Amino acid sequence: MKGKGFAFGAVSIVNAIATGKGAALGIRLKTEAEVELIEGSEEIDIKIVGCDCERDKTLGKYIVKEVLAHFGHKNYGAKVTTKSEIPIGKGLKSSSVAANAIVLAIVSSLREELDDFTLINLGVNSSIKAGVTITGAFDDACASFFGGLVVTDNKDRIIKRREILMEKNCILIYVPPEKAYTKDVDVIMLNNFKSLFEEANLMVMRGKYWDAMVLNGLACSTALGFSTKPMISALSAGAICAGLSGTGPAVSAVCSSDKVDDIISVWSNLPGEVISTRINNEKARMVD
């Protein structure tokens with residue numbers, strides 16, 4: 001019993017940790033998952049292509065158990081393989097995207113069908129149990145699953161606003177060498193900036209997404225101790241907006257195509273790499 005699924009990445013517009021309400025934007029970076037269910041086995045083997053870190057495999061095991069339990073299956077093991085264009089531990093929603101892709105692949109292998117929000121919530125539940133998220137990252141999961149811009153209440157798990165954005169704008173992502181996992185974040189420091197995150201949420205509900213992204217980036221960077229130099233230099237080079245993604249350390253910038261070279265140039269002296277992608281409006285799905 002085999003199945004495949006894929007989902008797309010996302011970047012932060014507003015971080016949800018301090019307020020429980022967040023916003024994220026889908027991007028074209030993709031994660032693919034292949035699952036083989038093995039009847040009569042208890043073993044769950046997780047392989048992340050290009051990554052041998054055991055802590056990054058824990059989420060996959062929780063997802064297998066969560067989805068099989070949802071359908072009442074107790075007598076299956078699984079082999080799960082994921083292949084991703086999204087760097088792990090950089091604030092680029094790699095866990096939420098992997099969760100969506102793996103859930104879809106397992107449901108496909110079972111030849112079952114589920115509505116979109118049940119699929120998403122199985123991944124969110126697994127992420128909470130695995131300890132890879134604080135709020136459940138419902139905003140990130142929805143941006144990954146549906147694409148476009150989503151504004152959510154993560155506590156009640158509802159989408160408050162969703163928009164399809166023009167794909168002509170480019171997304172540039174500065175990815176520093178270090179990793180920063182959400183589970184290790186200083187929540188108290190983020191809570192100290194709660195009023196700014198509340199203001200950013202009001203901005204995004206009024207349609208001022210890019211202003212909200214900048215305010216969120218400044219607040220998150222200051223609270224978590226990351227330099228604002230990458231986002232300020234991107235804005236100075238003509239970016240429409242820029243800000244820290246997730247709990248860092250990656251910084252994303254939205255820009256027109258004629259500003260791409262200028263922004264890459266100001267980031268060229270920073271350690272790490274620059275990823276170029278675009279806004280995604282395509283849904284995650286199973287692969288036949």
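**Entry 1: the cysteines**

I started with cysteine 220 and found it buried, with a relative accessible area of 0%. A reminder to myself: this is a predicted model. I then looked up cysteine 241, which also counts as buried, at 0% relative accessibility.

Cysteine 220 is in no disulfide, and its nearest cysteine sulfur, that of cysteine 241, lies 14 Å away. For cysteine 241 I checked the closest cysteine sulfur, which belongs to cysteine 255. That separation is 9.3 Å, too far for a bond, because a disulfide needs the two sulfur atoms within 2.5 Å.

Four strands make up an open sheet, running 8-9-7-10, with antiparallel pairing. Which strands stand at the edges? They are strand 8 (241-244) and strand 10 (273-278). Each has a single partner strand, so one side of each has no neighbour in the sheet. I also noted the twist, which averages 20° from one strand to the next.

I followed one pairing in detail. Strand 7, residues 170-175, pairs with strand 10 in the antiparallel sense over six bridges. Within this pairing I picked out isoleucine 171, which stands opposite threonine 277 in strand 10.

**Entry 2: helices on the sheet**

I wanted to know what packs on this sheet, and noted two helices. Helix 8 (residues 229-236) touches strand 7, strand 8 and strand 9 (251-255). The direction of helix 8 makes about 175° with that of strand 8.

Helix 9 (residues 260-267) packs on the sheet too, where it touches strand 7, strand 9 and strand 10. Its direction makes about 5° with that of strand 7.

**Entry 3: the largest pocket**

I finished with the pockets. The volume of the largest pocket is about 850 Å³. Which residues are closest to its centre? Of the 48 lining residues, they are Gly89, Lys93, Ser94, Ser95 and Ser96.

Which element gives the largest share? I found that helix 2 does, with five residues.

Terms used:
Residues are numbered from 1 along each chain as its sequence is written. This is a predicted model: local features need pLDDT of at least 70, side-chain atom pairs count only at pLDDT 80 or more; totals for chains, interfaces and linings use all residues. Side-chain values use heavy atoms; hydrogens and water are left out. Two strands pair if DSSP finds at least two bridges between them. Axes are lines fitted to C-alpha atoms, for helices over the stretch in contact, and angles run from 0 to 180 degrees between N-to-C directions. Contact means heavy atoms within 4.5 Å. Buried means under 20% relative accessible area, exposed over 50%, partly exposed in between (1.4 Å probe, protein chains only). On a 1 Å grid over the protein atoms alone, a cavity is a set of points where a 1.4 Å probe fits but cannot get out, and a pocket is an open set with protein on both sides within 12 Å along at least five of seven lines; lining residues have an atom within 4 Å of a point. Grid points are joined across faces, edges and corners, and a volume is the space filled by probe spheres set on the points.
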